[in-house]
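The dialogue takes one feature at a time.

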Amino acid sequence: MGWVGRLFDARDSLVRMVLLILSGLGYLVLGTLSAPTTVQWVLAVLAFAVGLALHHRPLPGMLTQTALLAVAIWQVDDFTINQVGASWALLELTMAARRGRTIWLAAGLLAVVDLTDSIGDPLSRLLSGVFGLLAEVGVPLLLGLVIRTTRELGQQSRRRTEEEQRRRESESRAARADERSAIARELHDVVAHHVASMVLRVGVARHVLTDTDPRVVAVFDDVHGTGTAALADLRRLVAVLRDPDGVRGDAALTAIEPSALPAALGAAVDRARQAGITVIADIDPAVGTLDAVRGLAVLRLTQEALTNVAKHAGTAAVARLTVSVVDTGVRWEVVDDGRGAVPTDVPAGGGHGITGMRERVEVLGGQLTVGPTGPGWRVATVLPAADRATEPA
């Protein structure tokens, strides 16, 4: 049915008319018992010309073809060409007319013109002409109404599908907004409050404990700095959860929206390259379909791993980032060659990056693999899919 629907598409009236004209020429040349007369040829050519000129204007075409049929009935014995032309014009009008009244008036006009051929004939022949209207008027009318109805039903189905899709998208956006608001409240009221309290107490301890071992002071400073940075990140994350559109300029923050994750990963790679690292990134576009929690985890793991490459492998190192989405979850890996030069102003160790990465992965049901590979270093994990996160890691 595909080619039939395409043939009767509203945009292909010219194609249909050309096919009809070729059929008419074949009938005149090969289908008649006797050679067509000059008048018959003239009326046929006029019908062909009108069909081509008015193929996109069905009502004028219908009226003109009906007039040519009326002339042919009185002038020639075989007026099949003009009869088919008028019937086809009725079919085109039925498919394209905006009002049903136009269709029925055109059908009535064609029926009256067809019956003029039976004027003065015996009753039996008149009845035969009436039954002949079923083929000349009824068939094109019925076929046109079927095509018209099918087309309208298809359009209604497409509109319903589009409306249903918009409704689902609206409900999905509303659900995500509610979820973000709930997470933001928890972060602000519980987590951020406790982190702020710890930072405050560590800050007080730094000032109260003046005669302390310098190593303890360094630990206090590290804890205070880490806590302050974590509090700042929490506040920014709360801002994103409450108003994602207000922070679109920061790719790292907008990654809470799954569709923004590829751009956020690209920004992290660009920052690493600006630091001098050669990064070969192989990022699966499907990461944009991850949920917000796993998407943010992938982003944070990438940022921390590339930062560690700069700290430990050196800013001239070559690192390969691989992120792929499979049915069972997300496969993530960063491998470096360990051949860079570590800058003197970057400490060689003592941070908590690997510990934080491992904790983040384990919360999501995964396991972080860390270790040397040749002269370089490899960090990798598989984050299970959301429906498997509750299984033991």
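**Cavities and their linings**

A: Helix 3 and helix 5 each give at least two residues to the lining of the second largest cavity. Helices here are DSSP runs (H or I, at least four residues), numbered from the N terminus. The model is predicted: local features need pLDDT of at least 70, side-chain atom pairs count only at pLDDT 80 or more, and totals for chains, interfaces and linings use all residues. Residues are numbered from 1 along each chain as its sequence is written, and side-chain values use heavy atoms, without hydrogens and water.

Q: How many cavities of 30 Å³ or more does a search of the whole structure find?

A: A cavity is a set of points on a 1 Å grid over the protein atoms alone, where a 1.4 Å probe fits but cannot get out. The search finds two of 30 Å³ or more.

Q: How much space lies in the largest cavity?

A: A volume is the space filled by probe spheres set on the points, which are joined across faces, edges and corners. For the largest cavity that is about 110 Å³. Lining residues have an atom within 4 Å of a point. There are 14 here, and M17, L54, G61, A89 and E92 are the closest to the centre. Helix 3 (38-53), helix 4 (58-75) and helix 5 (80-96) each supply at least two lining residues.

Q: Which residues line the second largest cavity?

A: They are Q40, L43, A44, V76, D78, F79, I81 and N82. Helix 3 brings the largest share, three residues. The volume of this second largest cavity is about 30 Å³.

Key. 1 Å grid on protein atoms, 1.4 Å probe; cavity = no way out; pocket = protein on both sides within 12 Å on 5 of 7 lines; lining within 4 Å.
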